[in-house]
Amino acid sequence: MSPAPPADGPPGTILHAGCVALNGRGLLIRGAAGRGKSTLALRLMAHGAALVADDRTRIARQGGILFASAPPTLPPLIEARGLGLLRADLLAQAALAAVVDLDRASEGRLPRPATCDILGLPLPLLAGGDLPHLDAMLIQYLKAGLADTP
């Protein structure tokens, strides 16, 4: 079990990104405006993931762990483009396991692992810009992670 940050939260940053979590593993969803961050979050929620934050996510570092939460002023809502704002229960926080970038295209069938740095810590970076069944792949990733490849 991950250590919990103090109630008032350690200093951090707010990113233009959404976040969901499954089985205690958080996934930060980033991409340009209109790329489908909220839509992907909704698809993952339909598979059992919990919403941590939509549109803006607070990231705080506690030792070697990055925690995601909704900024205190963010209401418990998620945008459903073409329908409106939907109410959602927010998970208070999640330890980040990876970042999916909707602006980044995949590099072949078995891409090399990539990372990105947030607050001085590396996180796995997953390309998601061109994968038609991204939601199903990410659910399995959150459940079991990537296999070691030669």
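User: In which strand is L27 found?

Analyst: This is a predicted model, in which local features need pLDDT of at least 70 and side-chain atom pairs count only at pLDDT 80 or more, while totals for chains, interfaces and linings use all residues. Residues are numbered from 1 along each chain as its sequence is written, and side-chain values use heavy atoms, leaving out hydrogens and water. Strands are DSSP runs of E with at least two residues, numbered from the N terminus, and the one that holds L27, covering residues 25-30, is β3.

User: Is L27 buried or exposed?

Analyst: A residue counts as buried under 20% relative accessible area, as exposed over 50%, and as partly exposed in between, using a 1.4 Å probe and protein chains only. The relative accessible area of L27 is 0%, so L27 is buried.

User: What separation do the C-alpha atoms of L27 and A98 have?

Analyst: Contact means heavy atoms within 4.5 Å, and, not counting residues up to four places away in sequence, L27 touches several residues, including L44, L126 and A98. Although L27 and A98 lie 71 residues apart along the chain, their C-alpha atoms are separated by 5.2 Å.

User: Over how many bridges do β2 and β3 pair?

Analyst: Two strands pair if DSSP finds at least two bridges between them. Strands β2 and β3 form a hairpin with two residues between them, and A17 has R30 in β3 as its bridge partner. The pairing of β2 and β3 is antiparallel, and its number of bridges is six.

User: Which residue in β4 is the bridge partner of A21?

Analyst: Strand β2 also pairs with β4 (residues 50-53), in the antiparallel sense over three bridges. Within β4, the bridge partner of A21 is A50.

Conventions:
Helix = DSSP H or I, 4+ residues; strand = E, 2+ residues; numbered from the N terminus.
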